[in-house]
Protein chains: 2
Amino acid sequence: METQVATKQEMFISTEAMRTHWQGHRSLTRRVIEAFPEDKLFDFSIGGMRPFSELVMEVIDIADRGMDGLASGTWEEVQSFDHNGNMPKTKEDMLKLWDNVTEKIDAQWPSISSAHFQKVQVAFGQYENANYATLLYFVDNEIHHRGQGYVYLRALGIEPPFFWER
Amino acid sequence: METQVATKQEMFISTEAMRTHWQGHRSLTRRVIEAFPEDKLFDFSIGGMRPFSELVMEVIDIADRGMDGLASGTWEEVQSFDHNGNMPKTKEDMLKLWDNVTEKIDAQWPSISSAHFQKVQVAFGQYENANYATLLYFVDNEIHHRGQGYVYLRALGIEPPFFWER
C-alpha cells in the first residue's frame, strides 16, 4: 500500500482548482478588454502586431472549440484561428462572446475526468499532447496575449488592471 | 471504496509534469532574453514601462527566492522585487543568473510533496495562498512579462521565438 502511494503520480493541482485558476485569469482578461477605448480595441497596435480585438478573438475561439474537444473527447480539425470577416463590431458584442465561453467552461468542465486530462490526443487535428498540456496552452496563450494588451494600454497612456487581481 | 475515489480531489497535472511545463516556459524565456540586442535589453521600453532586463530580473528573483520558500517550507519576508543597483551589467551575466535558477529548480523540486503544494502559506510574508497557486503565479508572471518582451522585440523590428516552441 505504502509502495503504491509512493510510485503513483503526485497531484500538483486538482481539476476543480484549475478551473478556478483559469476563470480567475479570464476575469482579469475581461477587465483588460473593458479598459480599451472602443476604437483602440479594434485598430491600435505596435510593431505590425494584431490589434487587441484580434488577439482576444483568438483566445475566445481557442477556449470555445477547445472546450468542445476536451469535453467531447473528439477534436475537430481546425486549420486557423484567424477571424476574417467574423470579428464582432463592438466591444459589447465581444464581451458577450467572452461571457458565453465563460459559462460554457463552467458547464462542461465537471464532465472532464482526471484520466481524460492525462490522455494524449491530437488537439484540433494538429497538436499532439496530453490534454492537460493542451489546456495549459490555452491559458498560457491568453496570459501571453493579455500581457501584450498591457503594453498597448500603457502606450495609450491607460493604466491596466492589476495583474494580481483575479 | 468507490465513494472515496469519487469524493477525493482529481488530479489535473502531476508535480513532475508541472516542473517540465515550467522549465519549458523558462527555456522559451531564455531565448527571448537572447533575442534582445545587448543595449535594448537594458534601455528599451514602451509607455513608461520597465526595460526587459528589469522584468527578467523580477522573474529570476521570484523563482530563486520562491524555490527557497517552497522547498524549505518557510517563507522569508520580501518587501520588493526591485533591483536597485543589483542589476547585471551584461546579457551574459543575466543568462548566468537565469541558468543558476534553472538548475536550482530541478534540484529542489523533487523534495516538494503534493501535500505541501496544497498547503496554504503566506508567500514572501505577504501573499496568502495555496502553494500550488503561488507557484502558478510565478509561471503566469513570467509568461505575462515575456509577452511584453515580445512587443518590445516587434517594436524593434525583431522576430521573437515561436511561442509554442519550448
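**View 1. A:H145 in helix α7 of chain A, in a predicted model.** A:H145 is found in α7, which spans residues 131–155. UniProt, in an unreviewed entry, places the feature "binding site" at A:H145. With a relative accessibility of 7%, A:H145 counts as buried, because the cut-off for buried is under 20%. Leaving aside residues up to four places away in sequence, A:H145 touches A:R50, A:F52, A:L55, A:E58 and A:V59.

**View 2. The contact between chain A and chain B.** Each side is listed by chain: 37 residues from chain A and 37 residues from chain B. About 3,500 Å² is buried between the two chains, and carbon and sulfur atoms give 70% of that area. A:M11, A:F12 and A:H144 supply 23% of the area that chain A buries against chain B, more than any other three residues. Between the chains, the count of salt bridges is zero. Polar contacts join 16 residue pairs across chain A and chain B, both residues at pLDDT 80 or more.

**View 3. The side of chain A that touches chain B.** β1 (11–14), α2 (15–35), α6 (114–118) and α7 of chain A each supply at least two residues. α7(A) gives the most, with 15 residues. By class, this side of chain A has 20 nonpolar, 13 polar and four charged residues.

**View 4. The salt bridge between A:D61 and A:R65.** The two side chains meet at 3.2 Å, N to O. Both residues lie in helix α4 (residues 52–72) of chain A. They are four residues apart, about one turn of the helix. A:D61 is buried at 9% relative accessible area, whereas A:R65 is partly exposed at 26%.

**View 5. The salt bridge between A:D64 and A:K104.** Here the N to O distance is 2.5 Å. The pair links distant parts of the chain, 40 residues apart. A:D64 sits in helix α4 of chain A, and A:K104 in helix α5 (residues 91–108) of chain A. A:D64 counts as partly exposed, at 25% relative accessibility.

**View 6. The salt bridge between B:R30 and B:D99.** The closest N and O atoms are 2.8 Å apart. B:R30 lies in helix α2 (residues 15–35) of chain B and B:D99 in helix α5 (residues 91–108) of chain B, so the pair ties together parts 69 residues apart in sequence. B:R30 is partly exposed at 23% relative accessibility, and B:D99 is partly exposed at 26%.

**View 7. A salt-bridge network in chain A.** A:E16, A:R19 and A:D106 are linked in this network. Over all chains, the structure holds 22 salt bridges.

Note on methods. Residues numbered from 1 in each chain as written. Chains lettered and ligands numbered in written order. Heavy atoms only, no water. UniProt positions renumbered as here; feature names shortened; annotations may be inferred. Buried < 20%, exposed > 50% of the residue type's maximum accessible area, 1.4 Å probe, protein only. Contact = heavy atoms within 4.5 Å. Buried area = accessible area lost by both parts, 1.4 Å probe. Salt bridge = Lys/Arg side-chain N within 4 Å of Asp/Glu carboxyl O. Polar contact = N/O pair within 3.5 Å; in protein donor to acceptor, adjacent residues only side chain to side chain. Nonpolar A, V, L, I, M, F, W, Y, C, P; charged D, E, K, R; others polar.
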